[in-house]
Amino acid sequence: MARGSVQSWENHVVDRVRPRDLTFLEQESPQTPQHNATIEIFDPGEGPDAFDHSRLVALIRDRIAFVPRYRQRLQAVPGHLANPVWVDDEKFDLGFHVRRSALPRPGTSAQLLELVSRIVSRPLDRTRPLWEIYFVEGLEGGRVALLSKTHQALVDGVHTVDLGQLLLDLQPEARALEPDDWQPRRSPSPAHLLGGAVRDNLTDPGELLDTVRTGSRALARNADRRSERARSFLAAATGRRPRTRGVINGPLSQQRRVVTVETRLADYRRIREAHGGTINDVILATVTGGLRAWLMTRSESMGGLRQVRAVVPVSVIDEELEATSLGSQIAAHFVDLPIGEPSPVVRLHQVSYSFQAHKDTGRSVAANRLAGIAGFAPTTFHAIGSRVASVELRRGYQLSVTNVPGPQAPLYAAGARMLASYPVPPLTPGHPLAIGVTSYDGGVCYGITADRDWIPDADVLAACLREALDELLDLSSSSRQRAPRGRRATRSTTQGSAKDKQR
């Protein structure tokens, strides 16, 4: 926590941006803003203590000291002789970052999502700390919403968790904290930054290698962008349409569309009890069924697309991975979603089998352990999961699905009860669709981010997800026979076993 009077940088070691964090800054473009977002719905209460914009500002002012990087901005090194550094924002303005907005009363969920879609389409301001929170009033039923945006370079789960994890309490009464007397350090001079870069490059060969790699990657990306612009100009001049790469893979525009789906956790438990597997398996089977139905509404042939390769970040205990402050590491798990399989139950068994090998390693972390982490950890887990998905682009997946279990008891922000939380995952280059899932207080909330131009019917996909869950529920009554579990699962009606009752 940064406290005390204004300090000089003369005797202070610079906090240089790590190479992996710098990757997310370098990958950013108008078409690929590199930030995570979350929509949270609250019952603000009534009377003088109702949750409003001023109480949100006071709450953030009270908690922000626990995430010092939220008051720091990026500063480049002269000549790009080393990676940029994090410096305190001497003009830090909390009012700039915590914004007030409203819908025409009574605002519908569709109007809220349209507002969210426009806000998440815009990159964050690089000259300021890389985050924003919007307090949205006017929702029907007297509710309010918080929309948070945080850059992927900011939250790594190691040095910084998501601010949203710190704003929620188990009780309506807010925790009493020590007063924050933070004062920013004066920004380092160009000469100080230059001297530090030269010193680090001379004394640390790894630092010099990182600098060279950074410059090489930047040159390669600039060349790729120039080549892409040239191809686009040529296509326009010749009247040719760009070659597509599939329904869920293709070029990105600068606009997004966000849709949400709210379901009940009890339904997933019922399906698990009937057919075995875990809650995570049922969620992924629901995603598989939803994708299948959605593609069929688009008159897509299922003969040529039997599977969708998905990356699903999972929590593991692995000493070889970078430790996080959440008590576990996050690793990529790849699963082929069997969208060509017509049987919902067989799809569930095939997804469950794909995860069995991961469970058998003994590295997996139980869902109740993740849900029990202090605060509202799903916001941080989704941020790390998005980072993992971005790093794994070279592995050639088609879709990222991040599923994070949250607490099954209500949480509160300044006395206001949180009703629902929807993740809004970022899109990666060539991937115009991403899905995030958060379970909280008896609900399972899906957040779907889609490119507005490439996938204009994201709302149809949301409806298909609901229908896929209903289909599994219909096949989970005690009077129905079940398909067998295991690698050779077919549409046989032999009774299956429900081995795994874990999430």
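**Backbone, strands and cores**

I began with P106, which I found in strand β5 (residues 98–107), where helices (H or I, at least four residues) and strands (E, at least two) are DSSP runs numbered from the N terminus. The peptide bond leading from R105 to P106 is cis, with omega near -10°.

Before going on I noted that this is a predicted model, in which local features need pLDDT of at least 70 and side-chain atom pairs count only at pLDDT 80 or more, while totals for chains, interfaces and linings use all residues. I also noted that residues are numbered from 1 along each chain as its sequence is written, and that side-chain values use heavy atoms, with hydrogens and water left out.

A414, which is not a glycine, has a positive phi of about 50°, and I placed A414 in the loop between β12 (412–413) and β13 (416–424). D441, also a residue other than glycine, has a positive phi near 50° and lies in the loop between β14 (433–440) and β15 (443–451).

I then turned to strand β9 (residues 308–316), of whose nine residues eight are buried, so the strand is largely enclosed by the rest of the structure. Taking strands as paired if DSSP finds at least two bridges between them, I found β9 antiparallel to β10 (residues 329–337) over nine bridges, with S315 bridged to I330. With β11 (residues 399–405), β9 pairs in the parallel sense over two bridges, and there A310 has L399 as its bridge partner.

Last, I looked up the nonpolar cores, each a set of buried Ala, Val, Leu, Ile, Met, Phe, Trp, Tyr and Cys residues joined through side-chain atoms within 4.5 Å. The largest has 46 residues, of which L291, W294, L337, L433 and Y446 touch the most other members. Helix α8 (residues 279–297) gives the most to this core, with nine residues. Leaving aside neighbours within four places in sequence, L291 is in contact (heavy atoms within 4.5 Å) with L337, I339, L399, L433 and L461. Apart from this core lies another, of 41 residues, among them L146, A383, L411 and M418.

Conventions
Buried < 20%, exposed > 50% of the residue type's maximum accessible area, 1.4 Å probe, protein only.
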